[in-house]
Amino acid sequence: MRPPIYHTLAHPAGPSASLDLLRARPAEPASTVRPAASSSEEEASGRVLACAGCRLPVTTSAARMEVAGSHEHTFANPAGFSFRIGCFSDATGCVAVGEPSAYWSWFPPHSWLVEQCAACRQHLGWLFRAGTAGFHGLILDRLLEVDEEG
Ligand SMILES: [Zn+2]
C-alpha cells in the first residue's frame, strides 16, 4: 500500500515546503539500509569527523553511507527548524539518550533517538533504528572534518 501523496503547489518555499516534499516521497524499503560493518575497521583510510564543540572524534568519512539514495538529507522538525544531516554507519563518539520514538520520523519505518556528543553533550543528531538495522543521522554543521593524526 502506497503512502498518501501530498501536493506541494499551495505552499511557498520554506520549512513546510521541504516537509511536504519529504512526505510526498514514497518510503524506501528498510533493505536499503545496511547495518554497520563493525568487523572491519577502515578508519585509517578516512578522515575523522569531530564534534565542532569539543573536538571529540565522533565518526569518520569512511563510515559515510547512503540511505534512501543519498548520504545527505535536509529535513525540518515539527518546530520548523531545518537540519542538514549525513548518514553514517558508525558514530562511536555519540551516545543515544531518551526513549526511541516513531513520531515524525524522517526515515519511516525507522524510529529515532536523540544522539549527543559523549563528551560535551551537544546534540549531534539522531540514531535511526528499524529492527536490528540502523544508522546515525548526524547534523553536518556540528561536525568538524579533521585530518587523522598518525
Ligand atoms: Zn562535543
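**Grounds for the structural terms**

Analyst: In β2, proline 57 is the bridge partner of alanine 50. The model is a predicted one, in which local features need pLDDT of at least 70 and side-chain atom pairs count only at pLDDT 80 or more, while totals for chains, interfaces and linings use all residues. Residues are numbered from 1 along each chain as its sequence is written.

User: What makes β1 and β2 (residues 57–60) a pair of strands?

Analyst: Two strands pair if DSSP finds at least two bridges between them. β1 and β2 are joined by 3 bridges and run antiparallel, so they pair under that criterion. The two strands form a hairpin with 5 residues between them, and arginine 55 in the turn has a positive phi of about 70 degrees.

User: How do you know that β1 also pairs with β9 (residues 143–146)?

Analyst: β1 and β9 share 4 bridges in the antiparallel sense, and cysteine 51 stands opposite leucine 143 in β9.

User: How many helices and strands are there, and what makes a stretch count as one?

Analyst: The chain has 1 helix and 9 strands. The order from the N terminus is α-β-β-β-β-β-β-β-β-β.

User: Why are β3 (72–76) and β5 (94–101) called edge strands?

Analyst: An open sheet is formed by 6 strands in the order β3-β4-β8-β7-β6-β5, with antiparallel pairing. β3 and β5 each have a single partner strand, so one side of each is left without a neighbour in the sheet. For β3 the partner is β4, joined to it by 5 bridges; alanine 76 stands opposite serine 82 in β4.

User: What makes a set of residues a nonpolar core, and which residues have the most contacts inside the largest one?

Analyst: A nonpolar core is a set of buried Ala, Val, Leu, Ile, Met, Phe, Trp, Tyr and Cys residues joined through C-beta atoms within 7 Å. Buried means that 20 or more other C-beta atoms lie within 10 Å of the residue's own, with C-beta atoms placed from the backbone. The largest core has 22 residues, and those with the most contacts inside it are Val58, Phe88, Leu124, Phe128 and Leu138. Its largest share, 4 residues, comes from β7.

User: What share of the chain counts as buried?

Analyst: Of its 150 residues, 24% count as buried.

How values were computed:
Buried ≥ 20, exposed ≤ 12 C-beta atoms within 10 Å, placed from the backbone.
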